[in-house]
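Take a moment to look over the sequence and the 3D view. Then let us walk through a few of its parts together.

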Amino acid sequence: MKKKKVVKYKIPKDAFSILSDSGTKNRVEYFRHKKTILFKGDVLDRDTFDKQFIDLTVTSPPYNVGIDYTSNNDTLSYEKYLEFSKKWMSNVFHWSNTQARFILNIPLDKNKGGQQSVGSDLTAIAKQVGWKYHSTIIWNEGNISRRTAWGSWLSASAPYVIAPVELIVILYKDEWKKTNGTKISDISRQEFMDWTNGLWTFNGESKKRIGHPAPFPRQLPHRAIKLFSYVNDVVFDPFAGSGTTLIEACNNKRIGIGLEIDKQYCEIIKNRIIKETGTLNFSNEERVKSNGTHHEVLQEAS
Ligand SMILES: C[S@@+](CC[C@H](N)C(=O)[O-])C[C@H]1O[C@@H](n2cnc3c(N)ncnc32)[C@H](O)[C@@H]1O
């Protein structure tokens, strides 16, 4: 039988040297585990970090659809929401290394409380603050069963069209081609072929199971990290939530840095990281059984 190629890798001694100063007064180190650090802090505050350290950001911001987060208001006016988006995307740009990539999971549309083209508006704002556009993946959550909003039922007077998908927008800082880092890619031939097809189909995550109001499924950062970063790169999530990106960073031999404003969610992240790192425990069966996808959560809440 052919032996599987093992990618050799060593935790660099200076894994955290990028952030090893005492930090700024604006962030608190909440938790450190293997190559993962979680800070409790605010992404809107430019002084949260005082250097460029990010190779890859994988994140999903609040969608402003009335989710009952513990610490932030998810019912801003659309104008204020765009201002909020501009500020945090500009800060992440500022903290990113020159060849950094930015993988942004956002809705396509806002369907309740006024129709809005959120996906294209946030992409335009990302470009305004300096990010360059590469392409967009459509995440097909494969779930239309719980749909209730039809507008004018069986009438052309005012029907609602709702696409059960989200966007994963791919952006980068200065240049797309990566020449920095370990140059060690750990993606298989099949994964590369499947994931460079910009239609990704997998279910969302259950908020009940995770204990957070809007987690994304591990498949999302898992694919993004393996496709867009090298082993040992620094992966950042400024809206760490329940820690999904950090878990995948840790399990895939990347340095994970997370920022989360809410203490209760920081605690969820800590417990999840302890439990879920070292295991790749997301079977198809488990995902299919989940009772409420990310998309449903957003539709319900909006
Ligand atoms: C959509 S959730 C992210 C979920 C995450 N992707 C996961 O899989 O668990 C957004 C998170 O951003 C956090 N948040 C909101 N405003 C923030 C801010 N200004 N700075 C840092 N975190 C913030 C919220 O508390 C919430 O946990």
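Which residues are closest to the ligand? In this predicted model, the closest are Phe239, Gly241, Ser242, Thr244 and Ile261, and 22 residues surround the ligand altogether. The table sorts that shell by class.

| Class | Residues in the shell |
|---|---|
| Nonpolar | 12 residues |
| Polar | 7 residues |

Now turn to helix H1, which covers residues 78-94.

Which residues of H1 are buried? They are Tyr81, Ser85, Trp88, Met89, Asn91 and Val92. Seen down the axis of H1, the buried residues fall within an arc of 155°, so they line one face of the helix. The buried residues of H1 pack against strand E3 (54-59), strand E4 (96-107) and helix H2 (118-128). On the other side of H1, you will find Glu79, Lys80 and Glu83 exposed.

Finally, find Leu259 in strand E9, residues 255-260. Is Leu259 buried or exposed? Leu259 counts as buried because it has 27 C-beta neighbours inside 10 Å, where 20 or more are needed. Setting aside neighbours within four places in sequence, Leu259 is in contact with Phe39, Gly41, Val43, Thr48, Pro238 and Ala240. Val43 is 216 residues away from Leu259 along the chain, yet their C-alpha atoms are separated by 7.2 Å.

How values were computed
Residues are numbered from 1 along each chain as its sequence is written. This is a predicted model: local features need pLDDT of at least 70, side-chain atom pairs count only at pLDDT 80 or more; totals for chains, interfaces and linings use all residues. A residue is near a molecule or strand if its C-beta atom, placed from the backbone, lies within 6 Å of it. Ala, Val, Leu, Ile, Met, Phe, Trp, Tyr, Cys and Pro count as nonpolar, Asp, Glu, Lys and Arg as charged, and the others, Gly among them, as polar. Helices (H or I, at least four residues) and strands (E, at least two) are DSSP runs, numbered from the N terminus. The expected span of a helix is 1.5 Å times one less than its number of residues. A residue is buried if 20 or more other C-beta atoms lie within 10 Å of its own, exposed if 12 or fewer, and partly exposed in between; C-beta atoms are placed from the backbone. The arc is that of the directions from the helix axis to the C-beta atoms. Two residues are in contact if their C-beta atoms, placed from the backbone, lie within 7 Å.
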